[in-house]
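Subject: Structure handover

Hello,

Here is the structure I promised to pass on. Please open it first, then read the notes below it.

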Amino acid sequence: MGEKIVSMEHITKEFPGVKALDDVHFELEAGEVMALLGENGAGKSTLVKILSGVYTLDHGSLNIFGKDYKSLTPNMAREVGVAIIHQELNMCRDLTVCQNMYLGREMKSGFVLNNAKMEKEARKYLDELGVDIDPRQVVGDLPVSKQQMIEIAKALSINAKILIMDEPTSALTSREIEELFQIIHRLKNQGCGIVYISHRLEELAHIADRVTIMRDGRFITQGNYADFTMDEIIANMVGREIKEKFPKVVCPRGEKVFEVKNLNAGRLVRDINFSLYAGEIVGIAGLMGAGRTETTRAIFGVDPKQSGKIFLDGKEITINGPMDAIRAGVVLAPEDRKKDGLCTKLSIRQNIALPNLDVIGGKSGIINKKTENDMCDKAVRELAIKTPNLEVDAATLSGGNQQKVVVAKWLARNSRVVIFDEPTRGIDVGAKVEIYHLMNQLKQRGIAVMFVSSEMPEVMGVADRIIVMCDGRITGELKGGEATQEEILRLATSFENKMAREGEEV
Amino acid sequence: MKKKGAFGRLLAIKGAGSVLTAFIGLIVIYVAFGIMNPKVFSIMNIQNLLRSMSKYLLIGIGQSFVMITGNIDLSIGSVVGMSAMTSATLMTRGVNPFLAILLTILCGLIVGVVNGFLVGKFKLPPFIATLGTMFVARGIGYIVNGNRNTDNIASGIGKEAGDAFQNFFYYGKFAGIFNTFWIALVVFLVFFFLLAKTRTGRHIYAIGSNVDAARLSGVDVILTTTKAYLVSAFCSVVVGLILAAQAGMGNMDAGNTYEMYGVAAGVIGGVSPLGGSGILLGTFAGAGVWQILENGLNMVHAQVGIQRIVIGVIVVMAVLLDVVMRTNDKKGFKKKS
């Protein structure tokens with residue numbers, strides 16, 4: 001391996017009320033991929049934010065390329081060659097790709113911005129990554145996966161020698177992940193040191209050279225990836241052994257609860273037919289842009305349907321908006337918890353009560369404090385939401401607990417069908433298992449559970465039945481226990497045979 | 001995509017659609033009023049139109065800068081008043097007009113700096129921070145001349161200098177058009193350039209779009225916010241000077257509620273009050289729409305009450321149209337992708 005390019009010793013960082021980092025050690029060599037592992041809240045993000053100058057450290061020493069830094073600003077970090085790709089993509093949605101890439105270090109000729117040059121450069125780096133993005137496109141119009149590529153292109157364009165990736169694959173499809181790994185390999189060969197944070201441990205085998213494991217703000221261990229077994233890594237992360245990665249509950253398949261017939265809604269939801277039964281979990285697999293999220297949104301009534309019928313317990317129901325769906329007992333836990341699932345400035349109590357105010361308030365509309373508290377207490381107890389009390393801001397909970405609050409909102413009103421969209425995105429191993437337990441719990445209650453997931457092992461491990469989508473259509477259905485990754489992928493990529501449309505603009 | 005002409009490229013800029021709509025609206029409204037009363041088309045009316053529009057344009061530029069950063073400036077009207085009073089008071093005391101103008105600009109810019117720091121550094125909600133400076137600036141405007149309007153400025157600096165001041169900012173003409181418009185045009189061009197072509201401009205859009213991303217990219221949020229408020233303050237000062245020149249004296253209540261005219265001009269022209277998007281060309285159109293409405297309604301002898309109602313409806317309609325178009329855009333995008 002190469003020379004040591006980053007060395008952080010005895011790093012301590014306190015935020016009001018919490019010690020985020022306590023005497024942490026971290027190092028990085030040139031030309032290696034260092035996986036930084038730990039559960040949510042272990043302090044990984046805080047550590048890399050110190051390395052990239054977002055936070056300043058309270059105590060300890062930070063040495064980059066042999067030089068000690070007491071305080072580092074984002075600009076300084078960039079100048080020495082540290083680039084960070086944040087977990088929650090940080091882009092100005094109203095600006096173009098090129099404007100985002102050169103934000104804060106715009107090229108000028110005299111006083112005037114040199115857009116032509118920046119665009120040319122941006123195009124060069126995007127081409128280098130092999131992604132088809134026009135630098136003049138507005139970022140907000142692009143899907144998350146492409147935004148990720150822009151962040152990487154940005155890192156390339158500043159000649160980063162230390163590249164930090166915080167959960168880079170959480171929004172990518174398998175093919176995109178493969179591309180990303182190739183890029184990582186190339187950067188590595190060029191002598192780049194890469195800090196790689198991910199909850200998808202199965203990825204590590206493809207790229208990680210060494211691992212650093214953290215837990216509760218402390219450094220636990222560090223070593224060559226090859227020297228660890230996966231179980232050891234997990235045990236070090238969570239401080240206990242996790243028996244089952246995908247806990248399975250067997251219960252008899254009940255009656256048909258929910259049925260969707262000939263649903264059409266735009267280009268990504270075409271002639272969708274499927275049924276859900278009580279006591280089973282159905283996973284929806286597919287690539288990014290296969291129309292899975294769109295399907296759930298159309299069912300839930302967020303997006304308008306063009307045609308199609310929906311049946312609940314054999315009776316046809318009309319869903320024209322989320323309220324219709326909720327009243328009928330069909331509920332959705334959306335993909336982006338913070339954006340669509342929770343009111344993050346409100347307390348847990350207020351969040352759980354929100355869709356149930358008709359029950360709590362009754363006809364008068366005056367909120368019955370006791371009913372509300374009872375309902376919320378019950379929900380918190382049943383789902384084992386870890387919180388000191390009901391008045392805590394939903395934003396302060398961990399990802400797993402937030403997801404539980406989202407579900408708690410719906411369980412309080414005896415929902416019949418629960419649809420999850422990417423329920424475990426950005427959630428750590430321990431919490432993932434809890435989410436699976438939660439889904440199993442719902443299943444045992446006789447609720448029809450459906451979930452959309454881009455993580456294939458998860459779909460295969462958790463679902464009793466797998467529906468695969470491609471390009472807005474259902475392309476196949478597989479049994480949970482019997483499906484193989486290859487089979488799913490084959491179905492997920494069985495695009496309709498279309499004449500190649502050449503020369504048309506994209 | 002590469003084959004698009006200059007016009008197509010222009011339309012591809014975010015918010016260009018709203019600007020086009022505003023310009024079309026401007027022409028439609030103007031022609032409609034012209035049909036009702038042909039005097040609307042007269043040279044004299046056009047001259048007056050351009051002069052009166054200049055105030056809204058200047059205010060609109062300032063407010064647009066602040067709105068694009070995702071903030072708002074409620075102190076604009078008060079800075080206008082304060083500037084009218086300060087400059088007039090100084091001149092009635094015999095201070096050289098140039099020096100008076102300079103001092104007035106300085107005072108106005110101080111308000112801009114205070115706004116920028118309260119909002120950028122101390123992170124006060126801009127509505128509250130500038131509400132505070134709004135009262136303070138108005139108060140200062142009252143105090144400078146002992147709680148009364150000033151005398152005629154000629155009483156201090158003499159008739160010749162007084163006339164020169166008034167002509168420069170208001171009554172004089174150049175190439176057949178009132179100086180006021182030329183002043184506004186120069187200011188417009190300078191700030192158009194600043195916003196569209198410079199790093200500062202880019203940063204102003206960035207912090208309005210996503211302040212965290214901007215900060216993490218190394219954008220100086222405090223400085224950029226302050227710059228936007230400085231532009232706003234500067235434009236307000238210029239309007240204050242124009243009002244002082246128009247009246248030949250300082251009026252304590254000059255510029256009252258002008259900040260809202262600025263919001264209206266910007267919003268009609270497609271500047272998003274949520275920040276991140278909008279171009280000054282839109283503000284130009286917005287100020288035009290506003291002034292043509294006012295002028296046209298006057299020319300067809302509509303009551304003041306009716307004028308207010310029409311203007312209010314237009315502002316809401318402009319934003320409504322924008323919102324509806326955006327929703328359609330999104331749907332269109334989904335279908336295409």
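This is a predicted model: local features need pLDDT of at least 70, side-chain atom pairs count only at pLDDT 80 or more; totals for chains, interfaces and linings use all residues.

Residues are numbered from 1 along each chain as its sequence is written, while chains are lettered from A and ligands numbered from 1 in the order in which they are written.

**Domains of chain A**

Chain A has domain 1 (4-238) and domain 2 (256-492). The bounds come from an automatic or database domain assignment. Over C-alpha atoms, the centres of the two domains lie 32 Å apart. Domain 1 of chain A puts 17 residues into the contact, and domain 2 of chain A puts in 15. Contact between two residues means C-beta atoms, placed from the backbone, within 7 Å. On the domain 1 side, helix α8 (residues 230-238) of chain A gives the largest share, three residues. Helices here are DSSP runs of H or I, at least four residues, numbered from the N terminus. That side of domain 1 has five nonpolar, seven polar and five charged residues. Nonpolar covers Ala, Val, Leu, Ile, Met, Phe, Trp, Tyr, Cys and Pro; charged covers Asp, Glu, Lys and Arg; the others, Gly among them, are polar.

**Helix α1 of chain A**

Eight of the eight residues of α1 (residues 44-51) of chain A are buried, so this helix is largely enclosed by the rest of the structure. Buried means 20 or more other C-beta atoms within 10 Å of the residue's own, with C-beta atoms placed from the backbone. Among the buried residues are A:Lys44 and A:Lys49. A:Gly53 follows α1(A) and has a positive phi, near 85 degrees.

**Chain B against chain A**

Here 22 residues of chain B meet 25 residues of chain A. α9 (199-209), α10 (211-216) and α14 (304-336) of chain B each supply at least two residues of the chain B side. α9(B) gives the most, with five. By class, the chain B side has eight nonpolar, seven polar and seven charged residues.

**A helix pair in chain B**

The axes of α12 (residues 258-268) and α13 (residues 280-299) of chain B come within 6 Å and cross at roughly 115 degrees. Axes are lines fitted to C-alpha atoms, for helices over the stretch in contact, and angles run from 0 to 180 degrees between N-to-C directions. Residues in the contact include B:Tyr261 of α12(B) and B:Trp290 of α13(B). The contact has eight nonpolar, three polar and no charged residues.

Best wishes

Note on methods
A residue is buried if 20 or more other C-beta atoms lie within 10 Å of its own, exposed if 12 or fewer, and partly exposed in between; C-beta atoms are placed from the backbone.
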